[in-house]
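Welcome! Here is a short briefing to read alongside the sequence and the 3D view.

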Amino acid sequence: MLYILKHYIFMRGAPASLKAYTLLTLAGIAVATAVLVTALSVAEGFESSYKRSILDFNAHVILLKDGDEISDYGQKMDDLGKFEGIVASTPFIYRESMAVNKGAVKGIVIKGVDFKRLPSVSNIIIKGFGDSQQDKEKAGAVFLGKALAEKLNIKEAGEINILIGENSLYDYDANFALTSIKNAQNIFGAGDFATGIEMKLNDPANADKMADILRGEFQYPYQIATWSELNRPIFEAVHLEKIMFAVIIGSLVMVGIFNIVGALLLKILYKVKDIIVLSAVGMKTFLIRAVFTFHGALLGISATVAGAAAGVMMAKALGYFKLVKIEPEIYFLSSLPSHIDLSDLLAVCIAGSLVSVAVSFVASGRVCALNLSDGLKEG
């Protein structure tokens, strides 16, 4: 049996055309699998990068008040501190306005924060024009995102004009300006009020569970929002892209695997007389079928695993060397990210292997349909 496996699997004595067809089939499966793994890694990279950036800037859970602002935010923070799982909380003010500097006009969102509490709920780093606590809280001090400062032609500490008016919400680094909450209250005449209270949890994955608990405690008009709810469109778009990649490129993988049918049928037709002889000397048909099933499955699984390995290397190269540059104004990132998800990788390998086995089993069924007597007459 071992001799037969070696003889058929390594195609000893097979014509060059059959060997070439088999190699092209393997290459097609491997390339399609590599592209699929790379595409899924890029989609996962976008999701991971967005999640990291969002959690660096935003808190995990936010308490708001429908149609109004929170006057007793100090008391509310004390109440929130009693819930297990909430690590810290801080008040904030959101206002939309415009910044003007040297003829450059840009719509911005001003966020008034408590700079003493901010590090406890956010990983945002403030550096450059003023690093001390006194610099951050002095009257009129405003801190701009790097991209926003570039758009306003600001290269060093100076003055900008802020126009109060209606505008749309923009993206963090390019559109947000931070100032102290007292500053924001004075600029906008808000009094001692807060737009909401940000909270940091010991685990951001528990945000939805904590939100449900808080909704039971803080009834309408108070509202609870999580970081995932506030950014759901982004993650839904990335998830949809992953599905599209899996369907479109996965179809190419399946086409490659189904080419194994052709390779096996050619192999069976080439060895038809040998098969008939084996059957005549008593070898069971199911054993012959098992040989060809194993042969096809080995081809498909080997190509799938090789393609997955190549895809992993391609994905790592994309992320490490930042090979593909993209527009940060469109994608919020400067280079194509990649993150290899083990579950996605295993799913690709397992799916490819199972389909290879199934296709090989069906194709090798051609052996059972051979007419032995006709084959002997032809010999």
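Helix 11 and helix 15 cross in a right-handed way; a crossing gets that name if the near helix is turned clockwise from the far one by less than a right angle, and left-handed if anticlockwise. The model is a predicted one, where local features need pLDDT of at least 70 and side-chain atom pairs count only at pLDDT 80 or more, while totals for chains, interfaces and linings use all residues. Residues are numbered from 1 along each chain as its sequence is written, and side-chain values use heavy atoms, with hydrogens and water left out.

**Helix 11 with helix 15**

- The axes of helix 11 (residues 232-270) and helix 15 (residues 342-364) come within 9 Å and cross at roughly 30°. Here an axis is a line fitted to C-alpha atoms, for helices over the stretch in contact, and angles between N-to-C directions run from 0 to 180 degrees.
- Angles under 35 degrees count as roughly parallel, over 145 as roughly antiparallel, 65 to 115 as roughly perpendicular, and the rest as oblique.
- On the helix 11 side, the contact is made by K242, M254, I257, F258, I260, V261, L264, L265 and I268. Helix 15 brings D344, G352, V355, S356, V359, S360, A363 and S364 to this contact, where contact means heavy atoms within 4.5 Å.
- Sorted by class, the contact of helix 11 with helix 15 has 11 nonpolar, 4 polar and 2 charged residues. In this sorting Ala, Val, Leu, Ile, Met, Phe, Trp, Tyr, Cys and Pro are nonpolar, Asp, Glu, Lys and Arg are charged, and the others, Gly among them, are polar.

**Two residues on these helices**

- S360 lies in helix 15 and counts as buried, at 0% relative accessibility. Buried means under 20% relative accessible area, exposed over 50%, and partly exposed in between (1.4 Å probe, protein chains only).
- Leaving aside neighbours within four places in sequence, S360 is in contact with I260, L264, T293, G296 and A297.
- V238 lies in helix 11 and is buried as well, with a relative accessible area of 4%.
- Which residues does V238 touch, leaving aside its neighbours within four places in sequence? They are A43, F46, E47 and Y50.
- V238 and A43 are 195 residues apart in sequence, yet 6.3 Å apart in space, C-alpha to C-alpha.

**Helix 2 and its partners**

- Helix 2 (residues 16-57) and helix 15 have axes that come within 10 Å and cross at roughly 160°. That makes helix 2 roughly antiparallel to helix 15.
- The crossing of helix 2 and helix 15 is right-handed. The contact is made by T33, L36, V37, L40 and E44 of helix 2 and by D344, L345 and V348 of helix 15.
- By class, the contact of helix 2 with helix 15 has 5 nonpolar, 1 polar and 2 charged residues.
- Helix 2 also packs with helix 13, at an angle of about 40° and with the axes 7 Å apart. Helix 2 and helix 13 are therefore oblique to each other.
- Helix 2 passes helix 13 in a right-handed crossing. Among the residues in contact are T22, L26 and I29 of helix 2, and L299, G300 and A303 of helix 13.
- The contact of helix 2 with helix 13 has 14 nonpolar, 8 polar and no charged residues.

**Spots to look for in the loops**

- A cis peptide bond joins Y220 and P221, with omega about 20°. P221 lies in the loop between helix 9 (207-217) and strand 8 (222-226).
- K322 has a phi near 50°, a positive value in a residue other than glycine. K322 is found in the loop between helix 13 (285-321) and helix 14 (328-331), and is partly exposed, with a relative accessible area of 43%.
- Is G67 buried or exposed? At 81% relative accessibility, G67 counts as exposed, and its place is the loop between strand 1 (61-65) and helix 3 (73-80).
- G67 and T195 are 128 residues apart in sequence and 9.9 Å apart in space, C-alpha to C-alpha.

**The chain as a whole**

- The protein chain has 16 helices and 8 strands. Helices (H or I, at least four residues) and strands (E, at least two) are DSSP runs, numbered from the N terminus.
- Buried residues make up 44% of the 379 residues in the protein chain.
- Of the contacts in the protein chain with a separation of 6 or more, 81% are between residues 24 or more positions apart.
- The accessible surface of the protein chain comes to about 20100 Å², and 61% of that belongs to carbon and sulfur atoms. Accessible areas come from the Shrake-Rupley method with a 1.4 Å probe; for residues, only the protein chains shown count as cover.
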